[in-house]
Amino acid sequence: MSVLVFLIPIALTLSLIGLGAFIWSLRSGQFDDLDGEALRILDDDDDRPLKD
Amino acid sequence: MGCCGVRGENACYAPGSAALWVKEQEDGTRELHLMVPGIHCAACISTIEKGLRELEGLEEARVNFTLRQVRARWRDETFDPDAILRKLDELGYAARPFDPAEAGFAADDREGRELLKALAVAGFAAANVMMFSISVWAGADPVTRDFFHWISAAIALPAIAWAGRPFFRSAWRALSRARMNMDVPISLAVLTAAMMSLYQTATHQQHAYFDAAVSLLFFLLIGRYLDHRMRARARSAVSQLMTLSATGATVLDEEGRRRFLPMEALKRGMRVFVAAGERIPVDGIVEEGRSDVDVSLITGESNPEPVEPGRKVYAGAMNLTGPLVIRLTAHGEDTFLSEVIRLMSAAEQGRSAYVRIADRLAGLYAPVVHVLAGATLLGWLFWTGFNWPVSLLHAIAVLIITCPCALGLAVPAVQVVAAGVLFRNGIMVKDGAALERMAEVDTVIFDKTGTLTLGRPQLMDTGPVSTQALAIAAGLARASTHPLSRALVEGVETRGIIPEPVQDVREHPGQGLSGRWRGREVRLGSRSFCNVPETMPESDLPQIALAVEGRQPVLFTFADTLRPDAAETIRRLKAAGLKVEMISGDREGPVRAVARELGIEVWRSGWTPQQKLAYVEGLGKAGARVLMVGDGINDAPALAAGHASMAPSTASDIGRTAADMVFLGQSLSAVWLAREVALRGRQLMTQNFALSLVYNALAVPVAIFGYATPLFAAIAMSASSIVVVGNALRLGFIDRRLRRGFSLEGGMDKADCERERGRKAA
């Protein structure tokens, strides 16, 4: 059962990374326009927002 | 859908006004938020973003398709924000700047993000705790089991404390007002489950319910978030319609310079300029200019009224033919509009007394559950000879198992699907309770002008009038934007007649048009302007006369166009056993004509807003559940007083504010669709409640007799939630057959979008 000493921290760390990634994407506004992103992918041109 | 403002004629913004909405950010960039309701498809996104990219100095332009908004950012101080509006106009999009904080989007968005974060944390905790729980259920030895319970506690307790806040807050609010809602039993179950599991863990017992507590939160947060998203989207769409009409006026100073001022800066005695085709922004007295004004939104009167210096005009009227200068008389408290708002807020109080089905049920449900749990505790105390830990364990198991997980999802799941179906059909539901009230309606009262009709005149059968007269009249009318002129041209052209060329056409605001045809003077306009003899019969319907020099004048009669599907909608509502009535501020003649055409037996004409309000309130007191459908400023109090209310998107701002639901497009079938979906939604809600009851009837005895192990709780709760959500999703199937039998297909596809844009650009 000593393998649990490794496995449990690994499992928790991985899911914490997932949680962190989700909160990051939320903060950076990736969930602000869900319908828009679905349509943007249909546009063939380079469709990045205007930014230097 | 009109591009901006009411009925699509308003100028969307006044030049120079965009600077008022520019927000300076902390990092030195400037930001402007714009509402662009014309965004309909993928091509719109790239057209706008590429077009704006051409502007010198603009750093970022981003379309938010979901909310139909554009956010522009730049650093350069000399950059003129009006250039963005001009560019959008050039591209064929009407836009209006707004303040996100004021419009409530910023605050709203924060709430949505909080819910999503809570959902993510609850999901994380649920997945991990479930991993340990499954190991325990699979048969872990006591030491490993305790170890796993402790880790579960370490994950679950902070997660519950954090992700459960929306429920705890709402439960506390309800309790502190001595009310009961679903969040009270939810909070109680989650908290007691966590506490008891902690005690079980500390005393090395077998059963811990950490997984049940966090997955409960996870399920409920899904429902809560979906509900929030649907409401936020509908609200955003409604407020877009609302704020598009300019909230300010063009003021003339002593030297005659024009300046656009926001509403707050206006003062009594100022001179306000209103161009032809603009909506009059304030109450006042006409000082210069003659014109015709369309007052249909204020009084319901379908015939435009001529105005001249000295006449009083009200905010909300449309100035049709000539520019006007108005001396502002009333502002703030003493306008006609503020009187209507006062009536409206008084009427709304009746509606706020409505208690949502879910809350009504919570009022019954919570005491039953708590009594059951108490009885279980007492029963086990006697049975085991006052063994407190075991008795408490079983009592809390009852609380957990009856926790209204399925009940908490039963209502929001149905409402989210229903609002989604309606949204796709162009109907925006501002409030979940509106759907519940809609399902109870037994009387439908319509306004006439702008609601049953489009508020757009149509040339009636011309009878003995010669083709040549029609052609001359159309030749004259082409030069004017007066609604009757436009209707005349349209009517003549659809009859296949080519308008005659008329020279020297001049518009005489408030009177008519004059010109020369083959050397003879021709006039088109009011009876007096064309010297129509008294002997010719008057009509209740709007008429204009044509006088050709040396000939007998002829009259053209117009009638308001009915909304498409109006007759079919009324027929179906009556067939469904609803009482259909019409109340209008218009004169008797046009009202009777519409009533006869649509087969409405009960109708009233010439009513003031007060009379409409009193009538709807009176019916409500007599026990009727009234659905009020109206659009005008004069309908707003009645809309607020109705048990449920609907307004077309072309309605006045205040009409849309007062209504529960707003429908896009012209077809009146929206009224029928909304009722159908509301009825179906109520049916599914009842089914969901029944399913939850069946579940409880099966699970509660198990818990009372002490067999509710954590495994049983996990399976029973998840299964009941999935069944309820699955049942709610069936409402989505109604979508396809909803519009069957109506002439107008719903929605706006890409072709429509491009056509509309082309028209606007032209």
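A: Here is a walk through chain B, starting with its division into domains.

This is a predicted model, in which local features need pLDDT of at least 70 and side-chain atom pairs count only at pLDDT 80 or more, while totals for chains, interfaces and linings use all residues. Residues are numbered from 1 along each chain as its sequence is written, and chains are lettered from A and ligands numbered from 1 in the order in which they are written.

Chain B is divided into domain 1 (6–103), domain 2 (107–237 + 357–416 + 678–738), domain 3 (248–341), domain 4 (425–454 + 563–677) and domain 5 (457–559); such bounds come from an automatic or database domain assignment. Between the C-alpha centres of domain 1 and domain 4 of chain B there are 36 Å.

Let us turn to the helices. Helices (H or I, at least four residues) and strands (E, at least two) are DSSP runs, numbered from the N terminus. Axes are lines fitted to C-alpha atoms, for helices over the stretch in contact, and angles run from 0 to 180 degrees between N-to-C directions. Helix H12 (residues 388–402) of chain B packs against helix H23 (residues 669–704) of chain B at about 165°, with 8 Å between their axes. H12(B) and H23(B) are therefore roughly antiparallel, a label for angles over 145 degrees, where under 35 counts as roughly parallel, 65 to 115 as roughly perpendicular and the rest as oblique. Their crossing is right-handed; that is the case if the near helix is turned clockwise from the far one by less than a right angle, and left-handed if anticlockwise. H12(B) brings Ala397(B), Val398(B), Ile401(B) and Thr402(B) to this contact, and H23(B) brings Asn696(B), Ala699(B), Val700(B), Ala703(B) and Ile704(B). Residues are in contact if their C-beta atoms, placed from the backbone, lie within 7 Å. By class, seven of these residues are nonpolar, two polar and none charged. Here Ala, Val, Leu, Ile, Met, Phe, Trp, Tyr, Cys and Pro count as nonpolar, Asp, Glu, Lys and Arg as charged, and the others, Gly among them, as polar.

H12(B) also packs with helix H7 (residues 183–202) of chain B, at an angle of about 145° and with the axes 9 Å apart. The crossing of H7(B) and H12(B) is left-handed. From H7(B), the contact takes in Leu188(B), Ala189(B), Thr192(B), Ala193(B) and Met196(B), and from H12(B), Leu392(B), Leu393(B), Ile396(B), Leu399(B) and Ile400(B). That contact has nine nonpolar residues, one polar and no charged ones.

H23(B) in turn meets helix H24 (residues 710–729) of chain B, their axes coming within 9 Å and crossing at roughly 165°. That makes H23(B) and H24(B) roughly antiparallel, and H23(B) passes H24(B) in a right-handed crossing. Among the residues making the contact are Leu684(B), Tyr695(B) and Ala699(B) of H23(B), and Phe712(B) and Val723(B) of H24(B). The classes here are ten nonpolar, five polar and no charged residues.

Now for the sheets. Strands of a sheet pair through backbone hydrogen bonds, either parallel or antiparallel; two strands count as paired if DSSP finds at least two bridges between them. One open sheet of six strands, with antiparallel pairing, has the order E7-E6-E8-E14-E9-E12 in chain B. Strand E7 (258–262) and strand E12 (312–313) of chain B stand at its edges with a single partner strand each, so one side of each is left without a neighbour in the sheet. Strand E6 (residues 248–252) of chain B is joined to E7(B) by five bridges, and Thr250(B) has Phe260(B) as its bridge partner there.

Another open sheet has six strands in the order E17-E22-E21-E20-E19-E18 in chain B, also antiparallel. Its edge strands, E17 (453–459) and E18 (503–508) of chain B, each pair on one side only, and the twist averages 20° from one strand to the next. Strand E19 (residues 512–517) and strand E20 (residues 520–525) of chain B pair over six bridges, with Gly515(B) opposite Val522(B).

Finally, strand E2 (residues 30–35) of chain B is joined by two antiparallel bridges to strand E1 (residues 23–24) of chain B. In their hairpin, with five residues between the strands, Gly28(B) takes a positive phi near 90°. Six bridges join E2(B) to strand E4 (residues 69–74) of chain B, where Leu32(B) stands opposite Ala72(B).

How values were computed
Two residues are in contact if their C-beta atoms, placed from the backbone, lie within 7 Å.
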